[in-house]
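Okay, thanks for coming, everyone.

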Amino acid sequence: MDRFEPNLRIPGPTGLPPSVREAGARQMINHRGPEFAAMLERILTGMKPYFGTSSDIAMISTAGTGGLEAAIVNTLSPGDRVLAVSIGAFGDRFAKIARAYGADVTKIDVEWGQAADPAVLRDALRGDVGYRAVLLTHNETSTGVMNPIPELAAVVHDLAPETLILVDSVSGLGAVPFEMDAWGVDVVVTGSQKAWMAAPGLAMIAASPRAWTAMETATMPRVYLDLRAHRESHAAGQTPWTPALAVVFQVDEGIRLMTAEGAEHVFARHEACAAAARAGLTALGFELFADPRHASRTVTATVVPDGLDWKAFNGELKRRSLILAGGQGKLTGKIFRLGHLGSVTLEEILGAMSVLEFSSILAGRDVRPGSAVAAAQVAALESFGIAAPAAAGAGA
Ligand code: PLP
């Protein structure tokens, strides 16, 4: 074991608060008993405001990808036409799952780093109301882009009101506001290892009343992921199959912490950390990968500049206990990503900036000591509506 706690700044799994870690180490309980039923009730009730729904939520023991698969197989039938709007690796995955189960998938491939443009979706839907579902990614973790879900959903409602809207918010929900009912979204998926500050192993899925109805006629094969079995079992305070109990303990504690903090403060913390990360990285001379109008509030992607030996640089970061994520798929070696979701504090982001600054200087980059930390602090203050003293951020 390392003597020092690493600053785990990947976009999930996130580090765990001490009480969440302890929760995961608890003795097992009877998952068919009243203690479990009360815990499940707390979790599902505690999550509803973050989903922005009064509809039923299912908790499945699976990775986020299993949650995406559940969204597909429960609402669709083989041969159904599906419009998959992909803005990165996870949008590609959502489309791939639909295809694997026999959906007739049309894909819109948005340039990586950009958000989906409602006008492009409008063009795709105009004159074609035959889509059974549109697949959207809320927060594309591979590129650090957050899609404008309300605007995109409004286009679907306008042109294809019968079409279901399925949203991957694995790395967004809980960290940023989401209003499933108000935006008219039909299925939303999230994962325990992201905003919920717990270990991987649980996916939570909410479905609108019409999505629950669609499940009665959808014919894609499903047993383990059948959401109807989960809903029925949840009504009795249970899960249909043995749950990942240690993770359930953790999510229960994670939600307790989030409730104590208050949703508004959770969102403000994420916003401040994201603003600090972007400002600090920019002050270090790095180019941010995402369109700034749609920069994610849970992960910041940064272009690896020409001439920087990423492997050596990352080795230096790791020696100083800063753990970042590299690029995925076609972005491997081209970007690095800094996660700021779930269990993240501003102090951890400032610490990360300090390490990035120090390591940049060691790598021979032209960086003034303190400049990234100062810029990050100014941005965080601004996000809280506080003006920094005039001298701040000047790198002096
Ligand atoms: N979708 C998004 C946006 C994600 O960020 C991830 C994981 O990073 C997934 C889906 C898949 O989740 P998992 O790795 O738990 O299967």
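Predicted model: local features only at pLDDT ≥ 70, side-chain atom pairs only at ≥ 80, totals over all residues.

Before the first pair, a definition: axes here are lines fitted to C-alpha atoms, for helices over the stretch in contact, and angles run from 0 to 180 degrees between N-to-C directions. Helices (H or I, at least four residues) and strands (E, at least two) are DSSP runs, numbered from the N terminus. Residues are numbered from 1 along each chain as its sequence is written, and side-chain values use heavy atoms, with hydrogens and water left out.

So, helix pairs. Two packed helices are described by the angle between their axes and the distance between the axes. Take α2, residues 34–51, and α10, residues 245–261: their axes come within 10 Å and cross at roughly 50 degrees. The crossing of α2 and α10 is left-handed, meaning the near helix is turned anticlockwise from the far one by less than a right angle; clockwise would be right-handed.

Next pair: α13 (346–362) and α14 (371–383) have axes that come within 8 Å and cross at roughly 155 degrees. Those two are therefore roughly antiparallel, and their crossing is right-handed.

Now some backbone details. Just after α5, Gly127 has a positive phi of about 80 degrees. Met197 also has a positive phi, near 65 degrees, and it isn't a glycine; look for Met197 in the loop between β9 (187–191) and β10 (202–207). There's a cis peptide bond too, from Gly12 to Pro13, with omega near 0 degrees. Pro13 sits in the loop between β1 (7–8) and α1 (18–24).

Finally, the ligand. Which residues are closest to the ligand? Gly64, Thr65, Thr141, Asp168 and Lys194, out of 13 that surround it, counting a residue if one of its heavy atoms lies within 4 Å. By class, the shell has four nonpolar, six polar and three charged residues. The largest share, three residues, comes from α3.

As for individual atoms, a backbone N or O of Gly64 is 2.7 Å from a ligand oxygen. A polar side-chain atom of Lys194 lies 2.6 Å from an oxygen atom of the ligand, and one of Asp168 lies 2.6 Å from a ligand nitrogen. The protein covers 86% of the 380 Å² of accessible area that the ligand has on its own, using Shrake-Rupley with a 1.4 Å probe.

Terms used
Polar contact = N/O pair within 3.5 Å; in protein donor to acceptor, adjacent residues only side chain to side chain. Nonpolar A, V, L, I, M, F, W, Y, C, P; charged D, E, K, R; others polar. Parallel < 35°, antiparallel > 145°, perpendicular 65-115°, else oblique.
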